[in-house]
Amino acid sequence: RHRRPRIPVPATPAPPVTEPTSARTWLDAERAALVAVTVYAADHGWPSHATRLSTTLFRYFDEGGHYPEAITIHTCAQAAAQRTGDLAAEAIALNCLAGAHFRQSRHQQAADHQQQALALLRQVGERPLEGKALANLGMICHYQGRYQESIRLYRQALVICRETGDLPGMGLALTTLGLSEERLGQYDLAARHHSEALAIATEIGYSDLECDVLVNLGAVSARQGRYPQAADHLGRALVLCREIGYRVNEPYALATIGDLRLRQGHPDEAAKHFAEALTLYRKLGDSTGEIQVLNGLGGALLAKGKPVEASAHHAAVFSLLRPDSDKSERARAHEGLGNAYNAQNNPSQAWLHWQQALAIYSDLGLPDAGRVHALLKGVPNHESNDGTHPTP
């Protein structure tokens, strides 16, 4: 609530909004009009209307997956704020823009906007918003495979959030810190930070953060082999995100449940959850999520004894990867292809893909390198017979 603009009570009649469902129904019905009004306000002398609409509507557009509209209104808000010299409003609009680009896997654009926002916030002394911007920048670094840098940024964000008493910011920084720690194999530390974030989210009634944290906690619990706890966290997350209309989190929860079921030795159920998540990610235009699910689905298909289909799903990852995509997913695709080729009695191609995976995992400092190294030890050290390199 403290982040929303202060606006006077309207003199004209307002729609009856008594609970979240009626609010979302009204927003869905009026979405095109709200975008048009924001654009008009920015271009016709009402800059503060544009910036306040952009800020107020951010969460709705973000959680609902309405990214093209989000980019339109946040771009207009940034331009309006820039014309009037309102540096704080410009920084907020840039922060919103970064979020929309991040959701669409344009990580470098997101990072550029977030850096600009951070510089402006420091210039005007907006300390609480600076903490949030640092946490957001840390998340972008995480998905670029820069885990140590992301951890450094999260810790900086935590210092500011504690200093300013920003509980939502603290919860966000703690759970995103846990994500990077989990990726580096620091499971106990990650679980502790996710649990602290969950306590904050529950205390302040921050439902979307609660959804995020429950999935994150479920994922790390699964890696720790605590399957009943993981299932409980993930089941609660899926129910909650559907209740509050958190569309962008639903496929994340489904994919994490798929990973859990695969770890438990139920590849058919895993494949079903991955396939449902894949459909939703494609509807949202979230290529980062699509890449992760394709790799997960490839693993499930291999476990079902379908190595050719598994190969196709891992290979499809390469058509979606960009220079700023998560490098660990490129490594996962190579590892998955190696596993699939090995299952098809093609050790030469398997060896080549595992070598590629090992190089990336090692470069990123990830514990997955040990698993791939063990796979390579089981294959004679050789190049492929025809001298070719991994495909694709």
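Me: Start with valine 372. What is it in contact with, leaving aside neighbours within four places in sequence?
Reply: Valine 372 is in contact with Glu335, Trp354, Ala357, Leu358 and Tyr361. Keep in mind that this is a predicted model.

Me: Which residues have the most contacts inside the largest nonpolar core?
Reply: Phe274, Val293, Tyr361 and Val372. That core has 97 residues.

Me: Which helix gives the largest share of this core?
Reply: H17, with nine residues.

Me: And what other core lies apart from it?
Reply: Another core, of 11 residues. Leu34, Val35, Leu57 and Ile73 are among them.

Me: New topic. How do helix H6 and helix H7 pack?
Reply: H6 covers residues 127–143 and H7 covers residues 147–164. The angle between them is about 160°, and their axes are 8 Å apart.

Me: Are they roughly parallel or roughly antiparallel?
Reply: Roughly antiparallel, because the angle is about 160° and the cut-off for that label is over 145 degrees.

Me: What is the handedness of the crossing?
Reply: H6 passes H7 in a left-handed crossing.

Me: Which residues meet there?
Reply: On the H6 side they include Arg127, Leu134, Met139 and His142. On the H7 side they include Tyr147, Leu153, Ile160 and Thr164.

Me: How many residues of that contact are nonpolar, polar and charged?
Reply: The contact of H6 with H7 has 12 nonpolar, six polar and four charged residues.

Me: Where is serine 105?
Reply: In the loop between helix H4 (87–103) and helix H5 (107–124).

Me: Is serine 105 buried or exposed?
Reply: Buried, because its relative accessibility is 2% and the cut-off is under 20%.

Me: What about the phi of asparagine 345?
Reply: Asparagine 345 has a positive phi too, of about 60°, and is not a glycine. Its place is in the loop between helix H16 (327–343) and helix H17 (347–364).

Me: Buried or exposed, that asparagine 345?
Reply: Exposed, with a relative accessible area of 70%.

Me: Last one. Where is histidine 266?
Reply: In the loop between helix H12 (250–263) and helix H13 (267–284). Histidine 266 counts as partly exposed, at 34% relative accessibility.

Me: How many residues separate histidine 266 and alanine 98 in sequence?
Reply: They are 168 residues apart in sequence. In space they are 38 Å apart, C-alpha to C-alpha.

Definitions and conventions:
Residues numbered from 1 in each chain as written. Predicted model: local features only at pLDDT ≥ 70, side-chain atom pairs only at ≥ 80, totals over all residues. Heavy atoms only, no water. Helix = DSSP H or I, 4+ residues; strand = E, 2+ residues; numbered from the N terminus. Buried < 20%, exposed > 50% of the residue type's maximum accessible area, 1.4 Å probe, protein only. Axes fitted to C-alpha atoms, helices over the stretch in contact; angles between N-to-C directions. Parallel < 35°, antiparallel > 145°, perpendicular 65-115°, else oblique. Left-handed = near helix turned anticlockwise from the far one by under 90°. Contact = heavy atoms within 4.5 Å. Nonpolar A, V, L, I, M, F, W, Y, C, P; charged D, E, K, R; others polar. Core = buried A, V, L, I, M, F, W, Y, C linked by side-chain atoms within 4.5 Å.
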